[in-house]
Structures are given as C-alpha cells and as structure tokens.
Amino acid sequence: MIAKAENKFIRLAPRKVREVINLIRGEDTRKAQALLCNLNRRPVATVQKTLTSAIANAKSKGIEEGQLYISRITADEGPMWKRFRAASFGRATEIFRRTTHLRIELDLKGK
C-alpha cells in the first residue's frame, strides 16, 4: 500500500456504494476516474472525492498518478440512524438510515 484515504459516516447505504466501487476495483487510477465521470449514480461524487484524496496522498510522497492502481477498496457499514414512522392502529415502525465507511488503498502497478 502506497497511499490510502478514508471517508467515514457517509449518508448512503453501503449496498448502493458497493455497486459503484465494484466497477473500479483493481483498475488504474486514471481509468477509474474516467469511469466515475460517466456514471449517473448518487455515490459517485463521494467515491470520486475519496479517490482524489488518495491520489493526492500518493503525490505528496512523490509518486505520479499514472503509476498507481486501486489495490483495495471497501465500503463497510457504519452506524445506523434509527427513526420511527407512524403506522396503522397507533403503532410505530422503525426506519434504519444507513451510513457507510469508505476506504481506498492505492499501490504501484509494477508491484
């Protein structure tokens, strides 16, 4: 691992974020950014922001963007916000608002 970036407590369901990150897993960073630019999904903005941060972290170590690929990317479940909605017969039903912890690790292509 050359560089990493984490984004925690993202207000998106992990399942929806995983749909996006599965497309860029193992890809070259430039190709991954191009794929993300052409997707029309809500998690794309967050994944792009985190990927850009990981690339910037690698550049601060003196490594060029063209030498990097995504070696590991995960979208883990964060804490859920628990809310209640009124239901019939005076009951209440729970609503779970899910959050995501996104982690991206970059490595050199030649390794």
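The axes of helix 1 (residues 14-24) and helix 2 (residues 29-37) come within 9 Å of each other and cross at roughly 140°. This is a predicted model, in which local features need pLDDT of at least 70 and side-chain atom pairs count only at pLDDT 80 or more, while totals for chains, interfaces and linings use all residues. Residues are numbered from 1 along each chain as its sequence is written, and side-chain values use heavy atoms, with hydrogens and water left out.

**Helix 2 and helix 3**
- Helix 2 packs with helix 3 (residues 44-60) at an angle of about 160°, their axes being 10 Å apart.
- That makes helix 2 roughly antiparallel to helix 3, a term for angles over 145 degrees.
- On the helix 2 side, Thr-29, Ala-32, Gln-33, Leu-36 and Cys-37 take part, and they meet Val-44, Val-47, Gln-48, Leu-51, Thr-52 and Ile-55 in helix 3.
- Sorted by class, the contact of helix 2 with helix 3 has seven nonpolar, four polar and no charged residues.

**Rings and charge**
- The charged end of Arg-11 sits over the ring of Trp-81, 5.1 Å from the ring centre (NZ of Lys or CZ of Arg within 6 Å of the ring centre and within 35 degrees of the ring normal).

Notes
Axes fitted to C-alpha atoms, helices over the stretch in contact; angles between N-to-C directions. Helix = DSSP H or I, 4+ residues; strand = E, 2+ residues; numbered from the N terminus. Parallel < 35°, antiparallel > 145°, perpendicular 65-115°, else oblique. Contact = heavy atoms within 4.5 Å. Nonpolar A, V, L, I, M, F, W, Y, C, P; charged D, E, K, R; others polar.
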